[in-house]
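Have the model open alongside as you read.

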Amino acid sequence: MSKTTKILIVLLVSLMLCRALWNLSKSETYQVFGEIIPRVQTEEKLVALTFDDGPTQAALDELLPKLQARGVKATFFLTGNELQRRPDLGKKLVEAGHELGNHSYSHSRMAFKTAGFIKEELRKTDELIRDAGYTGTIHFRPPYGTKLLVLPYVLANQQRKTIMWDIEPDSYDDVAASSAGIVNHVIPRVKPGSIIILHVMYPSRSTSKAAVPGIIDALQAKGYRFVTVSELLNSQKISSDLTAQQSPQPQPWNLADGIRIKTGQLGKMSAARHVIGIGTETGRAGR
Ligand SMILES: [Zn+2]
């Protein structure tokens, strides 16, 4: 084998390895350690609306009355540095009954960060969330959805799940171009236990913010109830307990509706669907 061929092979293998690591870091359904939640296993028509980044005053002023008018409790994955600047907004969210989640302190990409850096990001933001008066479980969602080995390891050590999503309308430029486009993308894709991610905190995402009432109204008309991420995870537990009580013998997976599939299995099954999107979208789960 010539030297040039060897170099070419090494380059090709390195490229493939980089690509595999990139796909792994962006996967919504698989991580090496701990539990990753793209959707929850439940037979109830429950759905979680989640908002990333912020808090910002302009977004909350517009959004909170619309959520309240529709009786919707959402989950806000906030960044520590923004919450530190506006602790009053964190309190406002808690008083309105919404769930607060940790979206890191600095909104840095976490894939190649050290355990020390990640722990500090988690700790500082947890503290600010507690200062806002939130007393429930603080779930975590990685900035840009990226993680590799260290972040899942740190989260697993803290017995925390990585909360992802299965519906991400504003990650596709053509969908996010209009609020009607976002609503039309979301409605047919929602299944019991779905987690919708939206970015509504900054003016650049005005179509996402405008789409919220349309998403809620259409899904409520279809019989869906909006719950927080914690409530959704609890429904999974109750649903599993009920299944266990009713069926002492192990039941075969119901592959037809995908509902009885364990979260881990769901991840593996839907990985193929997600792989299609990996690397082809713009602004995926960005700010
Ligand atoms: Zn973000």
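## V72 and its loop

V72 sits in the loop that joins α2 to β3; helices (H or I, at least four residues) and strands (E, at least two) are DSSP runs, numbered from the N terminus. This is a predicted model, in which local features need pLDDT of at least 70, side-chain atom pairs count only at pLDDT 80 or more, and totals for chains, interfaces and linings use all residues. Residues are numbered from 1 along each chain as its sequence is written.

Is V72 buried or exposed? V72 counts as buried because it has 22 C-beta neighbours inside 10 Å. The cut-offs are 20 or more other C-beta atoms within 10 Å of a residue's own for buried, 12 or fewer for exposed, and partly exposed in between, with C-beta atoms placed from the backbone. Setting aside neighbours within four places in sequence, V72 is in contact with L49, L67, I216 and F226, where contact puts the two C-beta atoms, placed from the backbone, within 7 Å. V72 also lies 8.6 Å from H98, C-alpha to C-alpha, though the two are 26 residues apart in sequence.

## α2 and its partner α9

α2 (57-69) and α9 (residues 206-221) have axes that come within 10 Å and cross at roughly 5 degrees. Therefore α2 runs roughly parallel to α9. Axes here are lines fitted to C-alpha atoms, for helices over the stretch in contact, and angles run from 0 to 180 degrees between N-to-C directions. Under 35 degrees counts as roughly parallel, over 145 as roughly antiparallel, 65 to 115 as roughly perpendicular, and the rest as oblique.

On the α2 side, A59, E62, L63 and K66 meet K209, V212 and P213 of α9. The sorting takes Ala, Val, Leu, Ile, Met, Phe, Trp, Tyr, Cys and Pro as nonpolar, Asp, Glu, Lys and Arg as charged, and the others, Gly among them, as polar.

α2 also holds P65. With 11 other C-beta atoms within 10 Å, P65 is exposed. P65 and A96 are 31 residues apart in sequence, yet their C-alpha atoms are 9.7 Å apart in space.

## α4, a two-sided helix

Which residues of α4 (residues 87-95) are buried? They are L89, G90 and L93. Viewed down the axis of α4, these fall within an arc of 105 degrees, so they line one face of the helix; the arc is that of the directions from the helix axis to the C-beta atoms. D88 and E95, on the other side of α4, are exposed.

The cover over the buried residues of α4 includes α2, β3 (75-78), α3 (80-85), β4 (99-102) and α5 (115-131). Just past the end of α4, G97 has a positive phi of about 90 degrees.

## α5 against α6

α5 packs on α6 (residues 150-157) at an angle of about 55 degrees, with the axes 10 Å apart. The pair is therefore oblique. Their crossing is right-handed; handedness is left if the near helix is turned anticlockwise from the far one by less than a right angle, and right if clockwise.

A115, I118 and K119 from α5 meet V150, L151 and V154 from α6. Sorted by type, that contact has 5 nonpolar residues, no polar and 1 charged.

## α8 and the other face of the story

In α8 (residues 179-189), the buried set is I182, V183, H185 and V186. They span an arc of only 165 degrees around the axis, which means they sit on the same side of α8. A180 and P188 are exposed on the face turned away from that buried side. Packing against the buried residues of α8 are α7 (173-176), β6 (194-198) and α9.

What angle do α8 and α9 make? About 40 degrees, with the axes 8 Å apart, so α8 is oblique to α9. α8 passes α9 in a right-handed crossing. The contact uses S179, I182, V183, V186 and I187 of α8, and T207, S208, A210, A211, G214, I215, A218 and L219 of α9. Those residues divide into 9 nonpolar, 4 polar and no charged.

## The whole chain

Stepping back, the protein has 11 helices and 7 strands. Of its 287 residues, 41% count as buried. Among contacts with a separation of 6 or more, 81% are between residues 24 or more positions apart.
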